[in-house]
Amino acid sequence: MSAYIIRRLLYLVPTVLGVCLITFLLFNVVTTGEAIAKQRLGQHATQEQIESYLKTHGYDKPLLIRFFINLKDLLTFNFGRSEVTHQKITTMLWNGMWPSLSLMVPAFFFTLFVAISIALFTALYRNTFLDRSTVVLCIIGMSVPFLAYIILGQYILGYKLKYFPVTGYEWGLGVFKFLILPGLIYTAASLGSDVRFYRTVVLDEINQDYVRTARAKGLSPNTILFKHILKNAMIPIITRVVVALPFLYMGSLLLEDFYGIPGLGAMALNAIDGNDFAVIKAITFIGAILYVLANLAGDILYALVDPRVEFK
Amino acid sequence: MNMEPGLQNPTMETSQEQPARSLWSDALHRLKKNRLAVFSFFIILIYLIVAVLCGAGLLATNYDEQSYKIDEKGNISLNSYSPPSFKNPLGTDIQGRDVLSRVLQGSWISLRVALTMSAIYIFIAVLLGAFAGYFGGFIDDIIQWLYQTLASIPGLLMLIALTFVLGKGLTNVAVALGLVGWVGLCRLMRAEYLKHKARDYVLAAKAQGAGPFRIMFKHIFPNTFHIVIISFSLGFVHAIMGEVVLTFVGLGAKAHEPSWGRIISEARAELAREPAVWWPLLSATVAMFIVCLAFNILGDALRDSLDPKLKE
Amino acid sequence: MNFLEEKDALCKKEEPLLEVVNLKTYFPIKSGVFRRTVGYLKAVDDVSFTIAAGETLGLVGESGCGKSTTARSILRLVEPTDGKIFFKGTDVRALKESQLRSLRRHMQIIFQDPYSSLNPRMTVASIVGEGLRIHEKLPWREIRERIAFLLDEVGLSPHHINRYPHEFSGGQRQRIGIARALALNPSLLICDEPVSALDVSIRAQIINLLTDLKERHNFAYLFISHDLSVVEHIADRVAVMYLGKIVEIASSTELYNHPSHPYTVSLLDAIPLPDPKRRRNVTPLKGQVPTLAHLPSGCRFHPRCERKRPICETHQPPLTEVSPSHSVLCHSPIS
């Protein structure tokens with residue numbers, strides 16, 4: 001077990017280095033410093049302007065040296081300053097984190113709760129009309145573009161019916177009223193694929209021999225469902241939740257933009273609009289690191305919970 | 001498959017040559033029983049025909065023509081935002097262009113994006129998956145490291161960063177989707193090759209003197225091809241949805257291109273008008289929805305009939 | 001009585017078709033943080049034998065004793081760890097990948113499982129014709145003719161040429177496998193339990209087919225089976241394998257009439273007699289077969305041996321010749 005955890009920790013090293021390498025390649029080889037400078041300074045920039053841009057951003061050094069500087073900066077979380085607002089990027093990340101979390105955490109767990117409830121319900125009535133229509137509804141839900149959910153939701157529920165404020169954000173508890181609508185839209189858009197996933201998880205368990213035994217023993221369906229099936233289904237559920245955590249931190253690009261929530265998603269979108277390479281790079285890297293860590297946590301948790309895991 | 005003693009005569013009783021029935025035709029036979037899947041297949045067929053006709057300049061050629069109207073005073077102005085009518089069944093957009101034609105042209109754009117993406121990601125996934133699974137060892141380590149690293153970078157951010165550096169535009173969006181999208185299929189292919197390379201039929205081919213490439217692509221690949229088909233079908237949905245998001249973010253279709261993402265992105269401002277202009281948004285969303293739904297259903301049905309084990 | 005003298009004796013007669021010398025195939029067992037190799041699974045451990053042209057050698061042992069690995073190591077379908085393999089005087093292990101490929105047409109293999117050994121996505125024509133297409137630059141029409149001829153030879157209708165394997169029964173599938181092996185006209189055919197996955201009623205058919213083919217083409221066979229009674233009819237000589245080692249090797253008549261190794265004796269005792277009234281005085285083998293990863297010290301058979309002496313637990317027995325062309329790996333062979 002400890003050997004497994006140690007090996008899993010050691011695997012972090014090549015992956016983190018790989019992430020550094022890919023972000024570096026993206027911004028230094030796939031696109032050149034000159035191209036970036038032109039995009040930042042506009043087509044009419046003079047040669048001197050471009051050269052001074054290259055110099056201040058370290059593009060004049062050889063590739064290998066640049067890679068190590070880049071590596072050191074990323075690993076020490078020294079992302080520099082935004083090229084547009086000139087704020088420190090770490091401060092921006094810190095400030096943007098809270099609005100993103102305030103939107104995503106409740107929305108995510110609410111969706112989780114609803115999805116698992118529906119999945120358990122349909123599993124109870126599996127192979128009936130109810131179950132089949134739920135599956136069809138899931139596929140229908142998955143086929144609507146996220147953007148359509150957002151635009152139509154905002155227009156109908158916010159603009160026309162005025163149930164919720166159309167857009168806005170404030171710090172403090174009053175933020176609640178601004179978050180309900182985007183939260184509900186998040187739920188509506190993710191419900192299809194989530195229900196399908198959890199339904200398969202539950203069905204996998206239902207078809208196991210131990211469930212048949214429990215039924216043969218005469219246990220009530222509710223006891224079987226909640227004490228036996230749900231307990232075993234927790235393993236894939238927890239794994240999925242843990243792996244999803246970094247996305248809660250990153251926020252939602254589209255939701256935050258439409259509902260005026262000043263989170264990391266909106267920040268990323270602004271950076272794209274303003275050609276803010278430093279911010280894009282920082283967000284990509286942070287997202288990747290969080291994902292790697294969440295995966296690590298997921299794997300270790302999985303190994304701890306499930307005695308069947310082989311420590312290969 | 002039959003082991004009844006009656007059938008074990010050296011030569012079968014049937015004397016005339018029977019048409020060969022491959023596993024493919026068996027699967028097709030099973031698929032035909034699923035009426036919803038057959039229906040989806042025809043929807044997709046219509047979509048493909050419409051898209052190709054649009055691309056060939058035979059259908060919806062007036063998508064870029066502005067139309068004008070004359071008011072009571074005899075002034076000529078752009079026929080902006082005319083609601084659905086006999087002349088324009090789905091209304092017109094801001095420049096008086098026919099929305100129906102633009103939505104139909106959108107199918108050609110989505111097909112181009114999806115095919116470009118699929119060609120890239122399937123090529124990478126199959127090649128790397130085959131090498132990793134078949135050769136194992138060091139090659140496997142490198143390829144696994146590559147896709148684990150890539151999978152660590154959140155998909156949307158990776159897409160954005162990639163399109164950002166490749167440059168904006170539909171082709172680059174498709175290329176970025178392809179370069180990011182191969183990890184899932186590659187994992188599946190690797191597992192399949194790992195499984196198949198130990199099968200006796202592969203050893204037999206080796207004993208016959210077949211080289212590694214012949215074994216990988218002539219012997220093993222046909223046995224994994226159904227996975228590619230399933231992935232291709234479900235990948236279409238990703239391509240169509242991906243185009244919408246990336247276009248909205250400002251990295252995809254340019255202002256004059258009639259892509260579905262473009263039409264939906266513009267709807268945000270159009271809905272805010274008084275009276276609201278809802279027809280472009282609804283037309284594009286419904287078109288996308290129908291195509292995505294058909295691909296989702298067909299992909300699921302293919303998965304069930306070609307590889308029951310893959311059901312997640 | 002070491003193998004060198006044996007080899008000398010054989011060389012005087014004629015050069016054998018296949019000569020396997022001290023073949024070892026080990027699979028590493030890995031464990032720990034850095035996946036270090038902590039031990040080896042000794043699937044084939046120091047195996048030597050020869051097969052003359054046109055001769056049939058039976059290789060018998062319980063499942064998991066390394067028979068199949070021996071077969072696959074000879075073809076280098078599994079890479080051997082150590083030892084030498086000479087085929088018609090060529091050192092097989094020294095060959096490069098491309099040379100090996102052209103050598104393989106002379107050594108073919110028939111697999112145990114007629115289901116997994118045929119590619120489900122390929123027609124009979126492409127399965128049987130694969131070797132011809134690789135090695136002989138013939139027009140497709142001629143290859144088809146050869147395939148039809150081969151199918152006829154193994155007792156299948158040439159009409160089946162465009163069918164897929166799943167349309168055939170187990171016995172027919174095995175015939176397809178045999179046709180594939182025949183296609184390149186090899187001089188050595190390795191039969192890796194060719195009938196044990198088949199229905200009892202058709203085993204005899206396949207064995208007869210193999211015997212007929214041998215008479216017609218004068219192949220040498222390495223015939224692997226877990227059942228001594230199957231080998232009896234077809235083999236000229238028989239080698240008995242236990243836990244990666246050949247424990248006894250002798251001519252067929254000699255082995256069945258005068259078995260010297262206690263293990264061979266118990267295998268022979270286990271063959272059911274066709275007459276239900278007759279009963280043998282059988283002492284069944286006791287104990288479990290040890291795994292290849294945890295081999296017993298000394299003689300590998302000692303934990304299950306009736307004739308065990310103290311030396312058996314500590315020292316590996318040498319290969320002893322009990323009579324000409326009959327050798328046994330035992331401290332106290334039955335005479």
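**Aromatic cluster and chain interface**

Tyr47(B), Phe232(B), Phe236(B) and Phe295(B) form one aromatic cluster. This is a predicted model: local features need pLDDT of at least 70, side-chain atom pairs count only at pLDDT 80 or more, and totals for chains, interfaces and linings use all residues. Residues are numbered from 1 along each chain as its sequence is written, chains are lettered from A in the order in which they are written, and side-chain values use heavy atoms, without hydrogens and water.

Rings of Phe, Tyr and Trp (its six-membered ring) pair if their centres lie within 6.5 Å; planes under 30 degrees apart are stacked, over 60 edge-to-face, the rest tilted. Over all chains, the structure holds 28 aromatic pairs. In chain A, Phe77(A) and Phe79(A) pair edge-to-face, at 6.1 Å and 75°. Tyr47(B) lies in helix H2 (residues 35-55) and Phe295(B) in helix H11 of chain B, so the pair ties together parts 248 residues apart in sequence. Helices are DSSP runs (H or I, at least four residues), numbered from the N terminus.

Now the interface. Contact means heavy atoms within 4.5 Å; 41 residues of chain B are in contact with 45 of chain A. The count between the chains is 2 salt bridges, each a side-chain nitrogen of Lys or Arg within 4 Å of a carboxyl oxygen of Asp or Glu. Arg268(B) and Asp257(A) meet in a salt bridge, at 3.1 Å from N to O. On the side of chain B that touches chain A, H11(B) gives the largest share, 10 residues.

How values were computed: Helix = DSSP H or I, 4+ residues; strand = E, 2+ residues; numbered from the N terminus.
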